[in-house]
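Thanks for coming. Please look at the screen.

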Amino acid sequence: MSDRLCTVLLYSDDPKVRDRMRLAVGTRPAPGLEIEFVEADDYAGCVRLVDDYEIDLLLLDGEASPGGGLGIARQIKDDRDDAPPTCVVLARAADRWLAAYAEVDATLTHPLDPVTAGTTVAELLRRTHAAA
């Protein structure tokens with residue numbers, strides 16, 4: 001049985017944060033699942049990648065500036081009927097209410113725990129592919 005290849009869009013204005021997100025999730029977060037990453041460092045880049053590629057999951061930095069991951073998540077959900085699931089990395093767990101307003105599917109908090117990050121991403125990807 002071959003691994004299912006999924007594309008995850010990493011968004012942050014900070015390349016170090018994108019590196020930490022990539023390392024926390026890994027390229028094989030669960031058996032049977034392989035991830036390739038594409039990256040954006042601004043809102044326009046996120047939209048362009050969502051439009052041009054088959055993105056399976058958005059992993060967004062909620063602390064990015066000037067466009068935060070929560071705003072981008074909400075905008076993409078509002079603009080697209082086929083928006084991919086979103087996971088936003090927050091600085092504070094108390095900001096989960098904002099994530100609920102932005103209609104994100106999951107949240108993680110800085111500093112990222114690799115077990116939690118990989119499990120969360122794998123669960124979102126499996127749920128999405130099971131519904132398709």
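Is R74 buried, partly exposed or exposed? R74 is partly exposed, because its relative accessible area is 22%, and the cut-off for buried is under 20%. Keep in mind that this is a predicted model, so every value I quote is computed from that model.

R74 has a charged partner. E103 forms a salt bridge with R74, and the closest N and O atoms are 3.9 Å apart. R74 sits in helix α3, residues 69–79, while E103 is in the loop between α4 (96–101) and β5 (106–109), so this pair ties together parts that are 29 residues apart in sequence. E103 is also partly exposed, at 40% relative accessible area.

In general, side chains of opposite charge can pair when their charged atoms come close. How many salt bridges does the structure hold? There are 12 salt bridges. I will show two others.

Go to D3. Its side chain meets that of R28 in a salt bridge, with 1.9 Å from N to O. D3 lies in the segment before β1 (4–11), and R28 in the loop between α1 (15–25) and β2 (33–40), so the two tie together parts that are 25 residues apart in sequence. With a relative accessibility of 31%, D3 counts as partly exposed.

Next, E39 and R22. These two form a salt bridge whose closest N and O atoms are 1.8 Å apart. E39 is in strand β2 and R22 in helix α1, 17 residues apart, and the pair links distant parts of the chain. Both residues are partly exposed: E39 has 36% relative accessibility, and R22 has a relative accessible area of 23%.

This pair does not stand alone.

Last topic, the empty space. Rolling a probe the size of a water molecule over the atoms shows where empty space is left. In this model, the largest pocket holds about 250 Å³ of space. It is lined by 13 residues, and those closest to its centre are E54, I55, D56, D82 and P84. What does the lining look like by class? It has 7 nonpolar, 2 polar and 4 charged residues.

Technical notes
Residues numbered from 1 in each chain as written. Predicted model: local features only at pLDDT ≥ 70, side-chain atom pairs only at ≥ 80, totals over all residues. Heavy atoms only, no water. 1 Å grid on protein atoms, 1.4 Å probe; cavity = no way out; pocket = protein on both sides within 12 Å on 5 of 7 lines; lining within 4 Å. Points joined across faces, edges and corners; volume = space filled by probe spheres on them. Nonpolar A, V, L, I, M, F, W, Y, C, P; charged D, E, K, R; others polar. Salt bridge = Lys/Arg side-chain N within 4 Å of Asp/Glu carboxyl O. Helix = DSSP H or I, 4+ residues; strand = E, 2+ residues; numbered from the N terminus. Buried < 20%, exposed > 50% of the residue type's maximum accessible area, 1.4 Å probe, protein only.
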